[in-house]
Amino acid sequence: MTPPHTVMPPPDTRRILIVEDEPALREAYAEALGMQGHAVLTAANGEDALLVLEGNAVDLVLSDLKMPRMGGEEMLREITLRGLSPAVIFLTGYGTIESAVNCLKLGAADYLLKPFDMHQLFKKIALALASDSRLPKRGSRVQEIEAFSERLRGQKDSSEVFKALLVQVKRTLTPTAMALFSCSGQAGALTPLFLWGHSFRECSRTRSWLLEKVALAVGQSGSMVLGPQLGKRAEDLREGLSLGSAAVVSIVGMRGVYGVLALARGPEAAPFTREDLRMLNVYTGHAAPFVESILSRQRFRGIRAEVVTSYAQAVEAKDIYTRGHSERVGGYAALLGRALGVTGRDLAILRTAGILHDIGKIGIPDGILNKPSGLTNEEFEIMKRHPVVGRDIISRVSSLEAIVPLVYHHHEWFNGQGYPTGSRGEDIPFLARILSVVDGFEALTSVRSYHEAMTVPQVKQTLLEGANRQWDPAVVKAWVSLLRDDALPDISEFKNTPIDLH
Ligand SMILES: [Fe+2]
């Protein structure tokens, strides 16, 4: 509930932020504008003003130009880069009029020369609030950055992100040559990904100069502009290397440097400015997190593939009769799944589950696993625990969550007489029903501690006899129709296919 002494501003009240380092002036402006019916916020410099703007909807900023910590011009650039939308009016003395004019070019709504009377100020404010003429200029830059971000969002490969960055930079900053290096490994080794323009592609001296600058940029994780304004270094540049100016910027993410981008313009073109460099930093700053997340996703997938392989190896190391069993069941499951119309991620889930389905055997004593004769009832009860143990192991690995139901249900029977839950028919997950058929096929066609290998026609017969009882008849039918004569199905196409559940 609103306290009774608080006066709520009328609904059409405009919010004005006064940015002025001189406290007496700040208060005087605040009082005058408050009396005009505006809601007033204050800040003592550009830096504080940005904090206020990030947290409040402000219609207009009234700002001094010369202030400690951050002046008006830098504040305006930040307002633009951050996509904030207030109109900005600068209050300026004769000493800073050039800077005020510059601010107009950067998108300020207006400026007012000191000393001024309050009526002039009110008039400027009213005009600025009524006019939207400054918006398209700033809006188009912001829109361009937003559109660039949107393009990056759709990319799945870091090289595609780099390509989008190059297209954007080429269009906005019109270089005559560009080079992009990717940066990887702890030593930060640079790999040229892209060289464009005569001066970088064909001139080896320019290229070695570039590499020196690039190495420096990587070392400093920063950026630089080289050009006429930098004196002798620029002279070297122009005379020795036929470049007018250059800009080099690192592509820096949270966890390191991912690349370096270098641009050059010829001597006849306008040199790069600090503003160009700032824009370059905005674009690379937008691209870096995308590169970072793509690379870490790829790394994560690599780790996941290693986990799967080492789990499968752990089972096979324990169970001497099942060498290669996991990989074969994975391949068969993928083959049969595909024939039954399973695609994409489901197919990857099926193959991975095929490789890992017996992971729970890690928890079964060796004496039972490798027993040459039949198991006693008691031993069989212990053996039957492996799908449950498997489920418990796999469910601790969040990235493998999707295969848990397959691992858990791979010994269910279609008639409900399997284990561990006794589920029947279509209550058993479809992918688990597929896995069950190829697991049975693989076991029967291999030498086990308790039986010799059967021929493919013999196994076909066994599967058909077990349809409707142990296995889903439709799945058995599909598998049998895939089998040719006495040969085991060819799964070589899956041998080097990475495991990817993404
Ligand atoms: Fe099993």
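## Basis and overall make-up

The model is predicted: local features need pLDDT of at least 70, side-chain atom pairs count only at pLDDT 80 or more, and totals for chains, interfaces and linings use all residues. Residues are numbered from 1 along each chain as its sequence is written, and side-chain values use heavy atoms, with hydrogens and water left out.

The protein has 20 helices and 10 strands. These are DSSP runs numbered from the N terminus: helices are H or I with at least four residues, strands are E with at least two. Of the 502 residues, 46% are buried. Buried means under 20% relative accessible area, exposed means over 50%, and partly exposed lies in between (1.4 Å probe, protein chains only). Contact means heavy atoms within 4.5 Å. Among contacts between residues at least 6 apart in sequence, 64% join residues at least 24 apart.

## Helices H2 and H3

Helix H2 spans residues 46–55 and helix H3 spans residues 72–81. Their axes come within 9 Å and cross at roughly 25 degrees. Axes are lines fitted to C-alpha atoms, for helices over the stretch in contact, and angles run from 0 to 180 degrees between N-to-C directions. H2 and H3 are therefore roughly parallel to each other. Angles under 35 degrees count as roughly parallel, over 145 as roughly antiparallel, 65 to 115 as roughly perpendicular, and the rest as oblique.

The crossing of H2 and H3 is right-handed. A crossing is right-handed if the near helix is turned clockwise from the far one by less than a right angle, and left-handed if anticlockwise. H2 contributes Gly46, Ala49, Leu50 and Leu53 to the contact; H3 contributes Met75, Glu78 and Ile79. By class, the residues of this contact are 5 nonpolar, 1 polar and 1 charged. Ala, Val, Leu, Ile, Met, Phe, Trp, Tyr, Cys and Pro count as nonpolar, Asp, Glu, Lys and Arg as charged, and the others, Gly among them, as polar.

## Helices H12 and H18

Helix H12 (residues 325–339) packs on H18 at about 130 degrees, with the axes 9 Å apart. That angle makes H12 oblique to H18. Their crossing is right-handed. From H12, the contact uses His325, Arg328, Val329, Tyr332, Ala333, Leu336 and Gly337. From H18, it uses Ile434, Leu435, Val437, Val438, Asp439, Phe441 and Glu442. The contact has 9 nonpolar, 2 polar and 3 charged residues.

Ser436 is also in H18. Ser436 counts as buried because its relative accessibility is 7%. Beyond its neighbours within four places in sequence, Ser436 touches His410, Glu412 and Trp471.

## The buried side of H19

Helix H19 (residues 456–466) has Val456, Val459, Leu463 and Gly466 as its buried residues. They cover an arc of only 85 degrees around the axis, which puts them on the same side of H19. The arc is that of the directions from the helix axis to the C-beta atoms. Their cover includes helix H18 (430–444) and helix H20 (473–482). After H19 comes Asn468, with a positive phi near 75 degrees.

Ile355 lies in helix H13 (residues 344–356). Ile355 is buried, at 3% relative accessible area. Its C-alpha atom is 5.3 Å from that of Glu327, 28 residues apart along the chain.

Thr42 sits in strand S2 (residues 39–43). Thr42 is partly exposed, at 41%. Leaving aside neighbours within four places in sequence, Thr42 contacts Leu17, Ile18, Arg26, Ala30 and Val52.
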